[in-house]
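Q: Could you take me through the reading of a helix pair and of a domain contact, step by step?

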Amino acid sequence: MNNNLQKQLLKRSKAAKLERLGKTVSFLALMLITLTVFAIIIFVASKGLSTFFTNHVNLMDFLTGKNWNPSVTNSKGQPEVGALPMISGSFVVTILSALLATPFAIGTAIFMNEISPHRGAKLLQPVIELLVGIPSVVYGFIGLTVVVPAVRSVFGGSGFGILAGTFVLFVMILPTVTSMSVDALRSVPRYYREAALALGATQWQTIYKVVLRAATPGMLTAIVFGMARAFGEALAVQMVIGNAALMPTSLVSPASTLTSVLTTGIGNTVMGSLQNNALWSLALVLLVMSLIFNLVIRMIGRKGAMSK
Amino acid sequence: MLINPSSPHSDDGWLARNIVDPSLKDSAPIVLETKQLHVYYGDNEAIHEGDLKFPEHRISALIGPSGSGKSTYLRSLNRMNDGVARVTGEILYRGVDVNRPEIDVYEMRRRIGMVFQRPNPFSKSIYDNITFALKRRGVTDKQTLDEAVETSLKQAALWDEVKDQLKKSALALSGGQQQRLCIARALAVKPDILLLDEPASALDPVSTSKLEETLLQLKNDYTIIIVTHNMQQAARISDYTAFFNMGRVLEYDETSQIFTSPQVQLTNNYVAGDFG
């Protein structure tokens, strides 16, 4: 009898086997994704760093040089791979589009969540989801046919440049920033609002002094997410920014970003050449920046969690 | 003594409803009165006809089982149900019907303050919590604000515990202290009536008894209406008690009457602990 029980308990049941299989499969999926991410980082880093180790370009010259012409050598016998025009171009369009999008996003979020939750959910939610789903080439095409001529006729110049890029990116990041801002407002507990209203505060005072304050970490996360998206956007920006690797001196003169130079240049260079390696270095800068954006988001999240 | 003398008697001689008008027993003027108050959540009627009168500088307790509508009724009194539920009928505050759309609810809520079930201080300092409503009303003079903080904290019996740490975050206080801070915060705008929605349900017995002492002190200056599902609490601190059941007020009388000789059988069953 006892022997029989022992036998039953020691034998692996079908359910136990299935459980083990499930654990193994999900662990393998996790491993695959982790490996892929690390492989990409290592690949980009090794390619991007070879500019400095194989072609002996000075890192400071790369980061602060203002001339980008990898096929030409300068007076010091070094190739002209100054990435500052692209780095600053990327930062300028990112910051400007975030500055432009933030008030609209917060305003929309307040309307959707605080002022008219029913209409907001019915009308604006689908619109925002639709905006997220539009492919970036469509945004770029509209930018090219509508925004660039409009900028040209209002501000002069060719129309191509940072301003056109900013407008296109503004529309592209708006839905991201808005929907994340709505989430941030939604996570503010109802009793915060009740506390303020019961004290005789008006709805606007409640929103401004209590709800927005409590939602600040979430709002900041939303803005940084939008910035990360703007920083990494390639196609739409490339179509409207003019793609001249020059230091941006005005908002309406042609400029370039890290991504626009990468997309225009990567097909025209030979693997392993300096020209190709220099582009990989730009990609490495992009990758490092997106890691920094992620770090910032995590830091804000942690700070928000502490203050709650 | 009965508002509705034609109340039908049930078979065994108990009244179906017994709503007493406090002004017949008490010299205190009536500060708040509801007439034909109905509350609807969508098509669902949560309060059927709540007709009560609350006398000045008294504590009135609203008791009843969960879902009986006592909190819904309380939240209607200072229009916290706006946008949540539809409230019909009259809410007479010192003779003025405040359940009209043209009433400035913000000014009305300053006079009829509310403290909630769960302590809900803002994640700001103790000082900023209390001055919040005053600052929103344009008070900027530091001395006035300082005085308001001290007075209201003293009234809420919290001053001695926090006077040296007014800049500390309110969230660092204990639950009982937080709830008394919320009372102080409500008192800072000098309300006339204080509505409390189960203020002690999240507190331990020691904090609860401190809170009750505070309320008994406050009775001298404020009219207090408190929802509680703790019958002993109602018996300890209130002057009048209303018994709610299934969206109806079944009995309203002096607290001693409700607990010693209720006129309605359901009230008797409830205070005897037979259900709830």
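This is a predicted model: local features need pLDDT of at least 70, side-chain atom pairs count only at pLDDT 80 or more; totals for chains, interfaces and linings use all residues.

Q: Which residues in α8(A) meet which residues in α9(A)?

A: Residues are numbered from 1 along each chain as its sequence is written, while chains are lettered from A and ligands numbered from 1 in the order in which they are written. Two residues are in contact if their C-beta atoms, placed from the backbone, lie within 7 Å, and helices are DSSP runs (H or I, at least four residues), numbered from the N terminus. Here Tyr192(A), Arg193(A), Ala196(A) and Leu197(A) in α8(A) meet Gln205(A), Thr206(A), Val210(A), Val211(A) and Ala214(A) in α9(A).

Q: At what angle do the axes of α8(A) and α9(A) cross?

A: Axes are lines fitted to C-alpha atoms, for helices over the stretch in contact, with angles from 0 to 180 degrees between N-to-C directions. Those of α8 (residues 190-198) and α9 (residues 203-232) of chain A come within 10 Å and cross at roughly 150°. Therefore α8(A) is roughly antiparallel to α9(A), a term for angles over 145 degrees.

Q: Where do the bounds of domain 1 and domain 2 of chain A lie?

A: Such bounds come from an automatic or database domain assignment, which for chain A gives domain 1 (14-81) and domain 2 (84-306). Their C-alpha centres lie 25 Å apart, and the contact takes 19 residues from domain 1 and 14 residues from domain 2 of chain A. On the side of domain 1 that touches domain 2, the largest share, seven residues, comes from α2(A).

Terms used. Helices (H or I, at least four residues) and strands (E, at least two) are DSSP runs, numbered from the N terminus. Angles under 35 degrees count as roughly parallel, over 145 as roughly antiparallel, 65 to 115 as roughly perpendicular and the rest as oblique.
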